[in-house]
Amino acid sequence: MNNIPLIISQILKCNTQRITNITPLKKGMTNHSYTFIYNEEKYILRIPGEGTNNLIDRQKEYDIYQKIAPLNIGDNVVYMNPTSGYKITKFWENARVCNPQNLNDVSACMATLRQFHSKKLQVNYSFCPFEKIEFYESLWNTGSIYPDYAETKAKVMSLKNQLTKFPQKLGLSHIDSVPDNFMFIENDQIRLIDWEYAAMYDQHIDIAMFAVYAMYDKFMVDQLIAAYFLDNKPHNYVYLYICVCGLLWSNWCEYKQQLGIGFGEYALKQYKFAQDYFAIFNATKDVDNG
């Protein structure tokens, strides 16, 4: 943390003595973040984490923030560098993240997500979870830690052909729409932060991303689906995305683990999502989605 004051001073073009109370936040999965005080106001500095240069295109992230700026839905960005990935945002006092076990919180977050999706914003680059599964695997120095990985991967990749049978909602997707990225600020306003993975894809994937990070069981997954769609239809293609997202983040975790960063239960649970929701989807895929 010794060079953090220098980094901040260079960004803000000020003397390091004007920067105080530098405090590391809880370590994120992709980045390192610090709060600090400057001119009696509190900010957050984001520094890309280990291996992030292989995972994130910072120019695309910068472009996304320009795209969503008129919506007033994201972080309160003060500075963003599309090359280094350094970002400074205003700190929201008394803010909190979504509690994924609180259905009122979850319903409010799904309403925010639904509203964002309705804008159908367009950008020039897309996201494909099946391609990302292959990409993250290509970053490994060794094979998977899971002895049945090849079998699990083959099952997951076979689902790509199933997507054409279900309704697609193409538009700008957040991709990392996890509970921790929904911030409740003043007057119960919700902001969706950290858009570094955002790109064009079927927006239903954002529901699955929320579920796998929250490590939901099937009962909670179904509650989540109902909160987003506000109907009693099964929308079981979300199960398909949970399966695919599980293996995607499992491969991501395996890459990070080879860099010396482990995620414990979270990593194992992602792999289990891939296996369990392959079975769940196949058991329900012929149900009428309406």
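## Close-up views of a predicted model

**View 1. Surroundings of S250 in the predicted model.** When neighbours within four places in sequence are left aside, S250 is in contact with Y146, A267, Q270 and Y271. The structure shown here and in the views that follow is a predicted model. S250 belongs to helix α8, and because its relative accessibility is 1%, below the 20% under which a residue is called buried, S250 counts as buried.

**View 2. The packing of helix α8 against helix α9.** Two packed helices are described by the angle between their axes and by the distance between those axes. For α8, which spans residues 237-258, and α9, which spans residues 265-284, the angle is about 155° and the axes lie 7 Å apart. Since an angle over 145 degrees counts as roughly antiparallel, α8 is roughly antiparallel to α9. The crossing in which α8 passes α9 is left-handed. On the side of α8 the contact is made by Y237, Y239, L240, I242, C243, C245, G246, L247, W249, S250 and C253, and on the side of α9 by Y266, A267, Q270, Y271, F273, A274, Y277, F278, I280, F281 and T284.

View 3. In soluble globular proteins, nonpolar side chains tend to be buried together. The largest nonpolar core of this model has 83 residues, and those with the most contacts inside it are M110, L172, W195, F210, Y216, I242 and W249. Helix α8 supplies the largest share of this core, 15 residues. Leaving aside neighbours within four places in sequence, I242 is in contact with A208, A211, V212, V221, F273 and Y277. Another core, of 14 residues, lies apart from the largest one, and among its members are I7, I8, F36 and Y43.

View 4. V238 is found in helix α8 and, with a relative accessible area of 1%, is buried. The C-alpha atoms of V238 and I205 are separated by 7.1 Å, although these two residues are 33 residues apart along the chain. Not counting residues up to four places away in sequence, V238 touches I207, A208, I225 and F229.

**View 5. Helix α6 and the residue that follows it.** Helix α6 covers residues 205-214, and nine of its 10 residues are buried, so α6 is largely enclosed by the rest of the structure. The buried residues of α6 are I205, D206, I207, A208, M209, F210, A211, V212 and A214. After α6 comes M215, which has a positive phi, near 55°.

**View 6. The crossing of helices α3 and α6.** The axes of α3 and α6 come within 11 Å and cross at roughly 150°, an angle that makes α3 roughly antiparallel to α6. This crossing is right-handed. V106, C109, M110, L113 and H117 of α3 make the contact with D206, I207 and F210 of α6. Of the residues in the contact of α3 with α6, six are nonpolar, one is polar and one is charged.

**View 7. The packing of helix α3 against helix α7.** Helix α3, residues 103-118, and helix α7, residues 218-229, pack at an angle of about 45°, with their axes 8 Å apart, and α3 and α7 are therefore oblique to each other. The crossing of α3 and α7 is right-handed. From α3, the residues L103, V106, S107, M110, L113, R114 and H117 meet Q223, L224, A227 and Y228 in α7. The contact of α3 with α7 divides into seven nonpolar residues, three polar and one charged.

**View 8. The loop between strands β2 and β3.** N39 is found in the loop between β2 (31-38) and β3 (41-48), and E40 has its place in the loop between β2 and β3 as well. N39 has a positive phi of about 55° although it is not a glycine, and the phi of E40, also a residue other than glycine, is positive too, near 65°. With 46% relative accessibility, N39 counts as partly exposed, whereas E40, with a relative accessible area of 79%, is exposed.

Definitions and conventions. Residues numbered from 1 in each chain as written. Predicted model: local features only at pLDDT ≥ 70, side-chain atom pairs only at ≥ 80, totals over all residues. Heavy atoms only, no water. Axes fitted to C-alpha atoms, helices over the stretch in contact; angles between N-to-C directions. Helix = DSSP H or I, 4+ residues; strand = E, 2+ residues; numbered from the N terminus. Parallel < 35°, antiparallel > 145°, perpendicular 65-115°, else oblique. Left-handed = near helix turned anticlockwise from the far one by under 90°. Contact = heavy atoms within 4.5 Å. Core = buried A, V, L, I, M, F, W, Y, C linked by side-chain atoms within 4.5 Å. Buried < 20%, exposed > 50% of the residue type's maximum accessible area, 1.4 Å probe, protein only. Nonpolar A, V, L, I, M, F, W, Y, C, P; charged D, E, K, R; others polar.
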